[in-house]
Amino acid sequence: MSAPFGWANRPMIERISQLRQDTPISFVYGARSWIDSSSGYKIRELRENSFVEIKLIQGAGHHVYADKADEFNEVVSKICKTVDLRGISTSREKSTDISNAALTVDDFEDETILAKSV
């Protein structure tokens, strides 16, 4: 059992506390990816006063953008629209408190699994 897997040199989970709490985070995973999505859920637990969402795209592997391009583009577009609609700032000069905000657009829920019939 010598499958070629990689490990992060500097895991994000160890540095996530360096991000400002008002910085929204969206994780997009392929449901068939070898990358374990549990770190996204752990980060959501660690940042309980922040907006953290996890998106799983059904049928996609690690290269979500290539495996399910339309679904990936739809997810990224909705994430961008959510940030734009809520006026969340990513600049250091201006900050918006989103700790109590429900950041969803239309039916785009926190743990969406996208699947399109072929």
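Mentor: The largest nonpolar core has eight residues: Ile16, Ile25, Phe27, Tyr29, Ile43, Val52, Ile54 and Leu56. A nonpolar core here is a set of buried Ala, Val, Leu, Ile, Met, Phe, Trp, Tyr and Cys residues joined through side-chain atoms within 4.5 Å. Buried means under 20% relative accessible area, exposed means over 50%, and partly exposed lies in between, with a 1.4 Å probe and protein chains only. Strands β1 (25-30) and β2 (52-57) each supply at least two residues of this core. A second, separate core has five residues, among them Ile57, Val64, Val75 and Ile79. In soluble globular proteins, nonpolar side chains tend to be buried together.

The model is predicted: local features need pLDDT of at least 70, side-chain atom pairs count only at pLDDT 80 or more, and totals for chains, interfaces and linings use all residues. Residues are numbered from 1 along each chain as its sequence is written, and side-chain values use heavy atoms, with hydrogens and water left out.

As for the elements, the chain has three helices and three strands, in the order β-α-β-α-α-β along the sequence. Both kinds are DSSP runs numbered from the N terminus: helices are H or I with at least four residues, strands E with at least two.

Rings of Phe, Tyr and Trp (its six-membered ring) pair if their centres lie within 6.5 Å; planes under 30 degrees apart count as stacked, over 60 as edge-to-face and the rest as tilted. The Phe27 and Tyr29 rings have centres 6.1 Å apart and planes at 15 degrees, so this pair is stacked. Both Phe27 and Tyr29 are buried. The other pair, Tyr65 and Phe72, is edge-to-face, with 6.4 Å centre to centre and 70 degrees between the planes. Tyr65 counts as partly exposed at 48% relative accessibility, and Phe72 counts as partly exposed at 22%.

Tyr29 and Leu56 are also in contact with Ser37, leaving aside neighbours of Ser37 within four places in sequence; contact means heavy atoms within 4.5 Å. Ser37 is found in the loop between β1 and α1 and counts as buried at 17% relative accessibility.

Ser33 has its place in the loop between β1 and α1 (38-46) and is buried, with a relative accessible area of 16%. Not counting residues up to four places away in sequence, Ser33 touches Ala60, Gly61 and His62. A polar atom of the Ser33 side chain lies 2.9 Å from the backbone nitrogen of Ile35.

Thr82 lies in helix α3 (residues 69-86) and counts as buried at 6% relative accessibility. The Thr82 side chain reaches the backbone oxygen of Lys78 at 2.8 Å.

For the chain as a whole, buried residues make up 31% of the 118 residues. Of the contacts with a separation of 6 or more, 69% come from residues 24 or more positions apart.

Technical notes
Polar contact = N/O pair within 3.5 Å; in protein donor to acceptor, adjacent residues only side chain to side chain.
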